[in-house]
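Q: I am new to this model and would like to learn how to read it. Could we go through it one feature at a time?

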Amino acid sequence: MNQQKILITGAFGQLGRALTLALKNSHELILTDSNIPSRGRGFVLDISDRSFVKDSLSAFEPDLIINLGAITNVDACEENSDRAWIVNSTAVQNLLDFGKCPLIHLSTDYVFDGENGPYKEEDEPNPINIYGETKLESEERIWATGKKHLVIRTNVVYDYAPQTQASFLKWVVESLKNKQEIFVVNDQYNNPTWTNSLAEVIKRCIEQEVRGLAHWGDEDYLNRYEFALKIAKHFALDRKLIQEISTELLNQLAPRPLKGGLDASKLSKAIGLKAPSLNESLHIIKKRF
Ligand SMILES: NC(=O)c1ccc[n+]([C@@H]2O[C@H](COP(=O)([O-])OP(=O)(O)OC[C@H]3O[C@@H](n4cnc5c(N)ncnc54)[C@H](OP(=O)(O)O)[C@@H]3O)[C@@H](O)[C@H]2O)c1
């Protein structure tokens, strides 16, 4: 497969870091983000700034854009919905209008209401919070172009990347290490996805030129409390600090889909990749810790 010039937005977030490692030997990468960390090598690109996007895309002329730039904090989206709509949806239009190449865009199982997961690509979206609404609108903008782009929906992406706030794993490990009691919901179900698993999926989708809508989540379907217990076990941390609580009692700002998650069987078959188990992934993450 030919080497491509790939521009990644949000490249210094948790998925961006894993994706950079997965692609850097086979492609020319242009790493961009709204802020570049002190020792990061990349270019500032705020995707919500239309003229900045126009100038950057005409200067770099990428063969492919991978859009990871987003406001991923679900409660922050509820709190500042104007900004969430701009970054998660309007900004995608900027990339579509000025990118003269295919786009791979990341979306979420939160486009569904959580009544009946795990969800297949054919299932009807019905978001119940602002994050889900903005991401669904971003997908619709992509289909409206009539061009062959790829949207990959995923869920509960995790790793132990020190820089990110977006990882449930990192929150659990750091809280327990600091002997802090945490309350974790026992009725929100998903199939958490390791960044490395998703990075390999994206790599294969590039190589095999997969287009359209695809779902990816790793193997285990479980609730957040069960996930937190597994993390405590693998990292040898005190599980007694983890208290289970219902979503109703926790009363988070944004409503949460309860039975979420994604059925990845279609994409798994198409790209010839089996989703890893949670135990396998946590074992590897702990070893490199
Ligand atoms: N995390 C999950 O559980 C999850 C689940 C489903 C789907 N996804 C999707 O997967 C993609 C990657 O998520 P992630 O887990 O890597 O989240 P992340 O660590 O929060 O990364 C998102 C990146 O986008 C950047 N960003 C925010 N506003 C931007 C803007 N205006 N212009 C350019 N970049 C901007 C963020 O920078 P700052 O940190 O400086 O704001 C951050 O570096 C997102 O599209 C997300 O919606 C994530």
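**Reading the sheet**

A: Begin with strand 1 and strand 4 (residues 64–67), which pair in the parallel sense over four bridges. Keep in mind that this is a predicted model.

Q: In strand 4, which residue is the bridge partner of threonine 9?
A: The partner of threonine 9 is asparagine 67 in strand 4. Asparagine 67 also stands opposite histidine 105 in strand 5. Strand 4 and strand 5 pair in the parallel sense as well, over three bridges.

Q: Which residue of strand 2 stands opposite lysine 5?
A: Glutamate 28 in strand 2 stands opposite lysine 5. Strand 1 (residues 5–9) and strand 2 (residues 28–33) run parallel and are joined by four bridges.

Q: In what order do the strands form the open sheet?
A: Seven strands make up the sheet in the order 3-2-1-4-5-6-11, and the pairing is parallel. Strand 3 (43–44) and strand 11 stand at the edges with a single partner strand each, so one side of each has no neighbour in the sheet.

Q: How do strand 5 and strand 6 pair?
A: The two strands pair in the parallel sense over five bridges. Threonine 108 stands opposite threonine 154 in strand 6. Between two parallel strands, look for what connects them. Here strand 5, helix 5 (residues 130–144) and strand 6 make a right-handed β-α-β unit.

Q: What joins strand 6 to strand 11?
A: Four bridges join strand 6 to strand 11 (residues 212–215), and the two run parallel. Leucine 150 stands opposite glycine 212 in strand 11.

**Reading burial**

Q: Where do the side chains of a regular strand go?
A: In a regular strand they alternate between the two faces of the sheet. In this structure, Leu150, Ile152 and Thr154 point one way from strand 6, while Val151 and Arg153 point the other way.

Q: Are the residues of strand 6 buried or exposed?
A: Five of the five residues of strand 6 (residues 150–154) are buried, so the strand is largely enclosed by the rest of the structure.

Q: Which residues touch the most other members of the largest nonpolar core?
A: Ile8, Leu95, Ile152, Ile202 and Trp216 do, in a core of 72 residues. Isoleucine 202 shows how a core residue reaches other parts of the chain. Leaving aside neighbours within four places in sequence, isoleucine 202 is in contact with Leu19, Ile66, Ile104 and Ile152.

**Reading the loops**

Q: Where is leucine 262 found, and is leucine 262 buried or exposed?
A: Leucine 262 is in the loop between helix 9 (247–250) and helix 10 (265–271). With 29 C-beta neighbours inside 10 Å, leucine 262 counts as buried, because the cut-off is 20 or more.

Q: What is leucine 262 in contact with, beyond its neighbours in sequence?
A: Leaving aside neighbours within four places, the contacts of leucine 262 include Asp109, Pro118, Arg153, Thr154 and Trp216.

Q: What is the peptide bond from glycine 117 to proline 118?
A: That bond is cis, with omega near 0°. Proline 118 has its place in the loop between strand 5 and helix 5.

Q: Which residues other than glycine have a positive phi?
A: Two examples can be set side by side. Valine 156 has phi near 40°, and glutamate 209 has phi near 50°. Valine 156 is in the loop between strand 6 and strand 7 (157–158), and counts as buried with 25 C-beta neighbours inside 10 Å. Glutamate 209 lies in the loop between helix 7 (195–207) and strand 11, and is exposed, with 10 other C-beta atoms within 10 Å.

**Reading the ligand shell**

Q: Of the residues around the ligand, which come nearest?
A: Gly10, Gly13, Leu15, Gly69 and Ala70 come nearest, out of 27 residues around the ligand. Helix 1 (14–23) and strand 5 (103–108) are the elements that give two or more residues to this shell. Helix 1 gives the most, with three residues.

Q: How do the residues of the shell divide?
A: The shell has 11 nonpolar, 14 polar and two charged residues.

Note on methods. Residues numbered from 1 in each chain as written. Predicted model: local features only at pLDDT ≥ 70, side-chain atom pairs only at ≥ 80, totals over all residues. Near = placed C-beta within 6 Å. Nonpolar A, V, L, I, M, F, W, Y, C, P; charged D, E, K, R; others polar. Buried ≥ 20, exposed ≤ 12 C-beta atoms within 10 Å, placed from the backbone. Pairing = 2+ DSSP bridges. Right-handed = clockwise from strand over helix to strand, strands pointing away. Core = buried A, V, L, I, M, F, W, Y, C linked by C-beta atoms within 7 Å. Contact = placed C-beta atoms within 7 Å.
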